[in-house]
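Work through the exercises below with the sequence and the model at hand. Each task is followed by a solution in steps.

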Amino acid sequence: MDEYDVAIVGARCAGSPLAVLLARRGLRVCLLDRVRFPHDTPSTHVIQPCGVQILGELGVLDRILETGTVPLDRFTLVNDDVRIDALLPADLAAPGLCVRRVTLDALLVEAAAAAGAEVRTGCRVIGVLSDETGRVTGVDTEQGPIRAAVTVGADGRHSIIAASVGAAEYLVTAPGRMPAWAYFADVSDREGRLRIGRNGDLAFLAGPTDGGLYMAGLAVDVTKARAFHADRERHFAEGLTRWPELADLLAGSRREGPVRVMTNWHGYFRESAGPGWVLVGDAGQFKDFTPAQGIADALRQAVALAESISAGLGQDAELDARLRRWWHWRDHDAYDMYWLAKDMGQAGPASPLITSMLRQIAGGEDGPQQLLRVLNHDMPPSRLFTTARLLRAAAGALRDQPRQIPATLREIIEAARAEIYRTAYRRTDQRNRVV
């Protein structure tokens, strides 16, 4: 029977970076995935600068740029009549990127193999192995069992490792919107600008990606998903025209490949560590896609987890304690952004309160730069969305849209209730509560 220090199930943007970091430390690592690469997967593509910096440390950034990926150093956010244009802060160590997963994940798998990990793609894991005490001791695959001192589930939202160990979900949130995206060739504008927009009940995300292509996506309310699927091509094309700036940029281009969608998702945290096992990336926590945090989160979590595994390996009790501490760090790190993502991804048109808040940020001297720092995990959302700013935004919304006063008051009350709940949860660190 094959034996390793670490078995990692899932070889994408959480599993492969972790394999690289552990193999570089001299650990025996087996990296498994049921698919063979290159292989696509649903994703918003965008990697925040903090994640791009890690790609550089992994040694894959130059390879990514060689594919024609454009460094993103400019940012545009449009929310109905509010517009924010900004340059990335000059002190960031890397730009942002927008990379197709068919490209990114293949390069990460290659890096894991080059670092010394044994890579087994096309190998389906069917469950975990455990001893008489219930401690996970490896995985069972269709090709046979694999023993390991620690088993890592990096296998995404539908994690077989999470299911096998019975990892419960908590802080569950329902989806507000469904993303749809496609790639376009012959877009003359290759400016390194990420565009995020909202017009009525549609949201948008667009930017240049690798291979000379341009990625353009929109998000529709989940209540309208069935109608969208009934004529996906037409609804997608018509939706892009709702943002004239994006429609003008795509004029004369041709779409390459199908319109892609991501369905059947929800937000959650999962119990992410136990005797001999740990979950990383989307396997352990998933948030609304709107602020484009998933890839950078997976990379940042892999860095922290590699340190915990390396320091604890060899003594089961010490390893389990370090994995639990890593899980608690992950929750603390993800908590505020999780709720910000939920708020950003709410269905329906932008509310008067949110529009007023964004108008304040756009008009503030440091507001746009602070927003970029929040998205890059350099600054907590609470420092940008302060109580004082919320009160000014509420006053502005009530003043500017008197016909919406009842709806705005309800939104203010709901925002206050949500903040009270979220603060209380953070203080008590209760688990398994569903909202």
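**Exercise 1.** Find the side chain with which the side chain of Arg330 makes a polar contact, and describe the surroundings of Arg330.

*Solution.* Step 1: the side chain of Arg330 makes a polar contact with the side chain of Asp331, at 2.8 Å. A polar contact is a pair of N or O atoms within 3.5 Å; within protein, one must be able to donate a hydrogen and the other to accept it, and residues adjacent in sequence count only if both atoms are side-chain atoms.

Step 1: the Arg330 side chain also reaches the backbone oxygen of Gly284, at 3.3 Å.

Step 2: Arg330 belongs to helix α10, residues 316-344. Helices (H or I, at least four residues) and strands (E, at least two) are DSSP runs, numbered from the N terminus.

Step 3: Arg330 counts as buried because its relative accessibility is 0%. Buried means under 20% relative accessible area, exposed over 50%, and partly exposed in between (1.4 Å probe, protein chains only).

Step 4: leaving aside neighbours within four places in sequence, Arg330 is in contact with Tyr170, Phe269, Arg270, Ser272, Gly284, Gln285 and Gln301. Contact means heavy atoms within 4.5 Å.

The model is predicted: local features need pLDDT of at least 70, side-chain atom pairs count only at pLDDT 80 or more, and totals for chains, interfaces and linings use all residues. Residues are numbered from 1 along each chain as its sequence is written, and side-chain values use heavy atoms, with hydrogens and water left out.

**Exercise 2.** Where is Glu245, and which residues does Glu245 touch, not counting those up to four places away in sequence?

*Solution.* Step 1: the position of Glu245 is in helix α8, residues 244-250. Step 2: with a relative accessible area of 21%, Glu245 is partly exposed.

Step 1: not counting residues up to four places away in sequence, Glu245 touches Thr76, Val78, Arg83 and Arg195. With one of them, Arg195, there is a polar contact between side chains at 3.0 Å.

Step 2: Glu245 and Ala283 are 38 residues apart along the chain, and their C-alpha atoms are separated by 36 Å.

**Exercise 3.** What is the value of phi at Ala292 and at His377, and what is omega between Phe37 and Pro38?

*Solution.* Step 1: most residues other than glycine have a negative phi, and most peptide bonds are trans.

Step 1: Ala292 has a positive phi, near 55°. Ala292 lies in the loop between β20 (285-286) and α9 and counts as buried at 4% relative accessibility.

Step 2: His377, not a glycine either, has a positive phi of about 65°. His377 is in the loop between α12 and α13 (381-384), and at 22% relative accessibility counts as partly exposed.

Step 3: the peptide bond joining Phe37 and Pro38 is cis, with omega about 5°. Pro38 is located in the loop between β2 (29-33) and β3 (46-47).
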